Amino acid sequence: MDFSLLGPICVTNGSQELSLGPAKRRSVLALLLLQPNTTVPLEQLIDSLWEDEPPEHARTVVQGHVSRLRATLAAGGAEAYGIELATHGSAYLLRLPEELIDAHRFGELVALARPEAAPADAVPLLREALGLWRGPALTGTVTSPPFAAAAHALEERRLTAVEALARAYGALGEHEQAATVLYSAAVSHPLREGLIAALMRALFRTGRQSDALEWYHRTRRLLSEELGVDPGERLRAAYEEILRAEATDGGPASGRGGRGGPADGQTFHVKHRAGEPSGAGQPGPSGAEAGARSGRPRAGAAPRLLPRPPARFLGREGQLAALTEALLDRTTGESPLAVVAGPAGVGKTACAVQWAHLRAGAFPDGQLFADLRGFGEGDEAAPAEILRDFLQALGTPPDRVPGSAQAASALFRSLVAERRLLVVLDNARSSAQVRPLLPGGPHCATVVTSRSRLDGLVATDCARPVGLQALGHDEGTALLGAMLGPDRVAEDPAAARELVDLCDGLPLALRAAAAQLTARPRWRLARLASALRDERRRLALLSAEDTGIAAALRMSVARLSADDARLLRALANSPDGHLNASAAAALAGYDQERTQDGLERLAEMHLVDEEATDVYTISALTQLFARDQDGAGPRRESGDAAESGEPGGRPGGG
């Protein structure tokens with residue numbers, strides 16, 4: 001059982017949240033949790049619950065709330081956790097292990113962290129501590145001075161942890177990360193001078209001197225206008241250090257960080273030409289600087305959300321060149337968009353991520369990545385969910401992210417309008433899922449991967465399609481060699497070519513085959529090829545733990561209508577995998593028009609290929625999978641999707 005104070009007041013038991021009732025009842029619980037294992041007088045509860053004069057029946061109201069809380073906790077299994085809400089005369093005691101309270105766990109993690117002495121250990125501790133926060137502390141309690149004071153005290157502890165995390169990153173030389181964690185806090189607390197000073201130093205160490213100076217001038221104006229005071233010593237010291245800094249080789253190192261940048265308290269040296277304002281000669285406004293001028297939340301450091309580069313990536317030079325041509329074209333004045341499409345297991349995600357890493361330098365303001373789960377287990381990702389992640393990565397505080405997808409999409413486009421940003425949207429199901437996530441700035445670019453062609457994006461957003469096909473013998477053999485070592489493949493090149501054929505040239509299947517051989521170092525390639533010739537075993541052998549071609553195909557078929565799934569099963573009975581609409585209609589028992597429409601939908605999903613007008617092919621592995629489904633037991637005759645067998649494998653665009 002978990003008790004949450006760092007956000008909305010709630011109690012959970014596993015995945016179930018207990019119903020706590022109205023605000024005053026939540027407030028009673030919050031006050032008891034703020035003083036766990038301590039008797040809390042009834043009069044203190046009354047004084048905290050009513051900001052003005054309490055009603056005559058206040059004692060009865062509080063007693064009623066305590067009684068209902070006791071019943072709620074008991075029904076939730078509190079006794080098993082050693083939790084008891086007891087009455088002691090005219091006071092109450094909530095007895096429980098304090099580690100069940102998120103605020104207590106937060107304090108313990110922060111106390112364990114030593115940012116200066118052991119920064120590498122402090123970072124995960126502080127990140128875990130800050131991860132316990134789900135919004136402003138004590139959300140849902142009454143608005144009275146005692147609760148406001150308690151919430152303020154908790155927020156102060158959070159800000160102290162944020163500053164400690166930034167110091168730990170700084171000690172590791174990861175100044176971009178330090179700026180990122182400080183930025184969100186600085187936006188929410190623009191008059192906290194120590195926080196702004198730390199952000200200024202972190203920005204300077206990433207090479208963003210103009211951003212750092214702009215934060216000083218912005219804070220100085222706010223202090224003057226709102227409090228009528230001048231900047232304090234800490235803020236002035238940071239400003240003066242940056243002004244005194246003398247640029248070496250163009251300024252402080254940037255990136256992961258400007259490793260080797262000066263530590264807190266050291267003097268920077270920057271010379272200004274006579275009469276030149278601070279920041280002159282620097283690049284135009286970006287990051288925090290632009291955010292300060294526009295009033296919009298902007299990140300203090302560029303987000304880098306790409307997955308790691310794909311292992312042993314080979315070939316695809318033509319597709320990589322096509323992506324470069326499509327996404328780095330600045331002549332149209334539009335935000336370029338490319339769609340990498342192909343069958344399950346052909347390596348769409350790997351191709352897109354490889355290109356993104358190769359060309360990351362063209363997008364210095366960041367790279368965003370999201371798995372849209374269009375062909376994964378469970379529901380596809382809602383645009384609002386992805387936009388929330390993107391906005392927070394760009395520095396928007398969680399409580400300032402709009403609730404509606406439409407408003408979040410508008411804020412996203414506004415934030416990135418002037419940035420050079422790359423957005424990678426992996427595993428999309430439909431054009432409608434993608435459109436709210438598209439940036440609008442001319443310097444942004446987007447690459448989408450999908451098993452569907454996403455013709456809608458081509459029609460309405462001028463997306464450039466980049467098709468991915470199965471590997472030929474040479475490329476497939478090279479991939480096996482990269483996975484297994486060239487000597488092992490060279491022992492039997494004929495068997496290697498046969499493996500490529502048996503895997504339909506799909507990188508996912510070839511990697512699964514290589515995993516089988518890696519686990520059996522004494523096997524020759526011919527032995528696995530012999531095993532794969534058995535069609536009853538082929539799909540099972542082309543699986544490796546959470547990855548496999550059967551799992552990937554299952555996700556595609558699960559998205560089909562019942563009619564199209566039945567058509568696919570009928571096509572699996574084609575003797576050689578080649579057929580036209582008439583032959584397909586005869587196999588399926590459909591009329592010609594219904595069959596033609598179904599074939600076009602299957603081709604759009606890359607479950608069949610249209611080689612020429614009215615000439616369709618279905619791959620051997622797809623045939624085997626469809627036959628498996630055909631014989632797996634009773635099939636749905638209606639519904640939105642045809643599914644059979646147990647779900648398995650890893651969601652993803654493949």
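1. The model discussed here is a predicted one. Cys 462 lies in the loop between α17 and β11, the latter covering residues 464–467. Its phi is near 55°, which is a positive value in a residue other than glycine. As background, most residues other than glycine have a negative phi.

2. Leu 454 is not a glycine either, yet it has a positive phi of about 55°. This leucine sits in the loop that joins β10 (445–450) to α17 (455–461). Is Leu 454 buried or exposed? Leu 454 counts as buried because its relative accessibility is 2%, and the limit for a buried residue is under 20%.

3. The chain comprises 654 residues, and buried residues make up 50% of them. Its secondary structure consists of 28 helices and 16 strands. Of the contacts with a separation of 6 or more, 71% are between residues 24 or more positions apart.

4. Two packed helices are described by the angle between their axes and the distance between the axes. For helix α1 (residues 23–34) and helix α6 (residues 145–171), the axes come within 12 Å and cross at roughly 50°. That angle makes α1 oblique to α6. The crossing of α1 past α6 is left-handed.

5. The residues that form this contact can be named. From α1 come Ser 27, Ala 30, Leu 31 and Leu 34, and they meet Phe 147, Ala 150 and Leu 154 of α6. Sorted by class, the contact holds six nonpolar residues, one polar residue and no charged residues.

6. Ser 27 belongs to helix α1 and, with a relative accessibility of 0%, counts as buried. Which residues does Ser 27 touch, not counting those up to four places away in sequence? They are Leu 49, Thr 141, Val 142 and Phe 147.

7. The second pair is α25 (residues 562–571) and α26 (residues 581–588), whose axes come within 9 Å and cross at roughly 105°. The two helices are therefore roughly perpendicular to each other. In this contact Leu 567, Ala 570 and Leu 571 of α25 meet Ala 584, Leu 587 and Ala 588 of α26. By class, the residues are six nonpolar, no polar and no charged.

8. In soluble globular proteins, nonpolar side chains tend to be buried together. The largest nonpolar core in this model has 85 residues, and those with the most contacts inside it are Phe 3, Val 62, Leu 94, Leu 138, Met 200 and Trp 215. Helix α6 gives the most to this core, with 12 residues. There is also a second, separate core of 79 residues, which includes Leu 480, Leu 508, Leu 525 and Leu 602.

9. Leu 94 illustrates the surroundings of a residue in the largest core. Leaving aside neighbours within four places in sequence, the residues in contact with Leu 94 include Leu 29, Leu 32, Leu 33, Leu 73, Ile 83 and Leu 85. Pro 36, Asn 37 and Glu 84 are also among its contacts.

Terms used
Residues are numbered from 1 along each chain as its sequence is written. This is a predicted model: local features need pLDDT of at least 70, side-chain atom pairs count only at pLDDT 80 or more; totals for chains, interfaces and linings use all residues. Side-chain values use heavy atoms; hydrogens and water are left out. Axes are lines fitted to C-alpha atoms, for helices over the stretch in contact, and angles run from 0 to 180 degrees between N-to-C directions. Helices (H or I, at least four residues) and strands (E, at least two) are DSSP runs, numbered from the N terminus. Angles under 35 degrees count as roughly parallel, over 145 as roughly antiparallel, 65 to 115 as roughly perpendicular and the rest as oblique. A crossing is left-handed if the near helix is turned anticlockwise from the far one by less than a right angle, and right-handed if clockwise. Contact means heavy atoms within 4.5 Å. Ala, Val, Leu, Ile, Met, Phe, Trp, Tyr, Cys and Pro count as nonpolar, Asp, Glu, Lys and Arg as charged, and the others, Gly among them, as polar. Buried means under 20% relative accessible area, exposed over 50%, partly exposed in between (1.4 Å probe, protein chains only). A nonpolar core is a set of buried Ala, Val, Leu, Ile, Met, Phe, Trp, Tyr and Cys residues joined through side-chain atoms within 4.5 Å.
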